[in-house]
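Q: I have a structure open and want to know what holds the chain together. Can you walk me through it?

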Amino acid sequence: YMGFLLACFAACALAVLATGPPCGASVCTPTIDSHTEVDPVPGLRATAEIIPDYGTCAVTYRGYRWYVGWGDGITNFYDSDALMPGQQLYTYQASGQYNVTVSYCARPGGASGCCENCMSEVFLITVS
């Protein structure tokens with residue numbers, strides 16, 4: 001039991017940097033709607049409009065997390081009980097091209113969950 005808790009804690013700590021370990025087929029997987037956008041905006045900034053879809057998740061499922069990896073080593077995330085859109089604005093330190101990764105995940109147990117099933121999409125942007 002203690003080994004499971006330590007493994008769970010380690011997996012949750014890693015989730016801050018990237019999506020966590022997959023849960024397997026017993027947990028649903030939400031999808032990213034085609035209207036999701038990541039766009040550069042003036043002033044070395046970018047905006048992400050994250051539009052999720054239920055995918056294989058039931059409307060009654062609770063426990064989601066979305067991530068935005070900005071392509072420069074920084075990742076933001078947000079936990080939500082219900083499936084809902086998200087919006088982020090980010091400022092870069094330098095102009096250039098960045099691969100921004102958007103992930104939407106089903107996460108049993110919500111913020112304290114130890115695994116997640118995710119769908120990810122990568123957007124190439126140029127900020128200046």
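Q: How many residues does the largest nonpolar core have, and which have the most contacts inside it?
A: The largest nonpolar core has 25 residues. Trp70, Tyr92, Val100 and Ile125 have the most contacts inside it. A nonpolar core here is a set of buried Ala, Val, Leu, Ile, Met, Phe, Trp, Tyr and Cys residues joined through side-chain atoms within 4.5 Å. Buried means under 20% relative accessible area, exposed over 50%, partly exposed in between (1.4 Å probe, protein chains only).

Q: Which strands supply at least two residues of this core?
A: They are β3 (45-50), β5 (64-69), β8 (96-106) and β9 (117-127). β8 gives the most, with five residues. Helices (H or I, at least four residues) and strands (E, at least two) are DSSP runs, numbered from the N terminus.

Q: What is Trp70 in contact with?
A: Leaving aside neighbours within four places in sequence, its contacts include Ala46, Tyr90, Tyr92 and Val100. Contact means heavy atoms within 4.5 Å.

Q: Quick check: what kind of model is this?
A: This is a predicted model, where local features need pLDDT of at least 70, side-chain atom pairs count only at pLDDT 80 or more, and totals for chains, interfaces and linings use all residues. Residues are numbered from 1 along each chain as its sequence is written, and side-chain values use heavy atoms, with hydrogens and water left out.

Q: New topic. How many salt bridges does the structure hold?
A: Two. A salt bridge is a side-chain nitrogen of Lys or Arg within 4 Å of a carboxyl oxygen of Asp or Glu. Arg65 pairs with Asp79, their closest N and O atoms 2.6 Å apart. Arg65 is in strand β5 and Asp79 in strand β6 (residues 75-80), 14 residues apart. Arg107 and Glu116 form a salt bridge too, at 2.5 Å, N to O.

Q: Are Arg107 and Glu116 buried or exposed?
A: Both Arg107 and Glu116 are buried. As for the other pair, Arg65 is buried at 4% relative accessible area, while Asp79 is partly exposed at 24%.

Q: And how many disulfides?
A: Three, counting cysteine sulfur atoms within 2.5 Å as a disulfide. One joins Cys23 to Cys115, sulfur to sulfur 2.1 Å. These two sit 92 residues apart. Another joins Cys28 and Cys57, which are 29 residues apart.

Q: Which one is left?
A: Cys105 with Cys118. Cys105 lies in β8 and Cys118 in β9, so the pair ties together parts 13 residues apart in sequence. Cys105 is buried, at 0% relative accessible area. Cys118 is partly exposed, at 27%.
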